[in-house]
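Dear colleague,

Please find below the structure that I am handing over to you. My notes on what was found in it follow directly after.

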Amino acid sequence: MIRTTICVHPNDYISDHFVTGDIYENKDINVLFRILWQYPNIALIDIGANIGTYTMFAAAMGRLVIAIECFEPNYMRIAKAVQIENLHNKVILIGNAVYSKSGQYVTLTKSPESVASQELIGVTSKNQSVHDPYIVTTIQLDDILSIIKQTKFRSFAMKIDIEGSEYYVFESGKQIFDYVDIPIIVVEWVFNSIPTNKIRKFVDVEPYKEKSKLKETDPKTAHEKCKQIQGFIVEFPIDFLADDMTMPKWTTSEGMAPISLWT
């Protein structure tokens with residue numbers, strides 16, 4: 001059994017899983033375990049590390065992790081967890097947002113349900129005298145190539161979860177993709193695929209389908225990115241409609257029938 005520390009937010013959807021003794025996206029974490037066991041010499045690039053679920057479990061397995069997390073309250077929680085577990089030699093923390101240009105200020109959304117999860121809104125200006133964790137500085141993915149070279153690793157798994165901005169990773173990381181072998185990329189991208197773990201109730205299906213997709217907002221880029229895909233692993237999103245009651249109501253004839261009838 002692999003144990004680690006996750007430092008949580010109060011009243012946060014993702015953190016609440018850990019507070020109640022669960023592991024957020026535990027099935028996906030198990031997929032990560034299988035990947036790392038299958039590739040014993042691979043490291044991890046965790047883009048959109050959030051509060052560090054993937055980062056901390058991979059580091060606990062003895063793997064090197066480059067964790068990119070732009071939201072300072074998340075970054076500080078990962079740093080604290082790394083300190084508690086004494087994993088300074090396994091985790092490299094980078095506190096920027098991956099974007100098409102370096103050195104830009106971008107604004108993040110504020111979610112009342114999930115303090116730890118944000119979407120990138122767009123470029124803004126910054127008042128240097130005011131500290132705002134929702135205004136962050138950008139890098140291109142290629143900016144971390146020098147860090148990657150220092151690690152001596154030439155093979156990485158990559159997990160990307162940056163809420164609709166995933167294509168910036170591919171747009172700004174061409175040198176990295178040429179330099180290192182990345183056999184595994186775990187990402188939700190381009191098509192707003194359904195089913196997805198982001199939809200936990202049936203009433204949320206239509207609003208999710210209405211969200212802008214890269215294939216619609218920038219079809220040329222979407223087409224180019226799809227052409228670059230050489231292989232992928234698809235794990236069925238087991239949390240799809242997890243919060244919905246899919247059984248028939250007991251007042252219906254279907255509800256009164258034994259469950260074994262439908263299995």
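Leaving aside its neighbours within four places in sequence, which residues is Glu69 in contact with? In this predicted model, Glu69 touches Gly48, Ala49, Asn50, Asn74, Tyr75, Ile78, Ile94, Gly95, Asn96 and Gln118. Glu69 itself belongs to the loop between β2 and α4. Its relative accessible area is 6%, and because the limit for a buried residue is under 20%, Glu69 counts as buried. One of the contacts, Asn96, is 27 residues away from Glu69 in sequence, yet the two C-alpha atoms are 6.2 Å apart in space.

The loop between β2 (65-68) and α4 (72-85) also holds Phe71, which takes part in an aromatic pair with Tyr134. The ring centres of Phe71 and Tyr134 are 5.0 Å apart and the planes stand at 45°, so this pair is classed as tilted. Tyr134 is found in the loop between β6 (120-124) and β7 (135-139), so the pair ties together parts that are 63 residues apart in sequence. Phe71 and Tyr134 are both buried.

A further tilted pair is formed by Tyr167 and Tyr168, with 4.4 Å from centre to centre and 40° between the planes. Tyr167 and Tyr168 are likewise buried. The count of aromatic pairs comes to eight.

Two packed helices are described by the angle between their axes and the distance between the axes. For α2 (residues 26-38) and α3 (residues 53-60), the angle is about 35° and the axes are 11 Å apart. The crossing of α2 past α3 is right-handed.

Finally, a word on the cysteines. The search of the whole structure found zero disulfides. Cys7 has a relative accessible area of 15% and is buried. Cys70, with a relative accessibility of 17%, is counted as buried.

With kind regards

Note on methods: Residues numbered from 1 in each chain as written. Predicted model: local features only at pLDDT ≥ 70, side-chain atom pairs only at ≥ 80, totals over all residues. Heavy atoms only, no water. Axes fitted to C-alpha atoms, helices over the stretch in contact; angles between N-to-C directions. Helix = DSSP H or I, 4+ residues; strand = E, 2+ residues; numbered from the N terminus. Left-handed = near helix turned anticlockwise from the far one by under 90°. Disulfide = S-S within 2.5 Å. Buried < 20%, exposed > 50% of the residue type's maximum accessible area, 1.4 Å probe, protein only. Phe/Tyr/Trp six-rings, centres within 6.5 Å; stacked < 30°, edge-to-face > 60°. Contact = heavy atoms within 4.5 Å.
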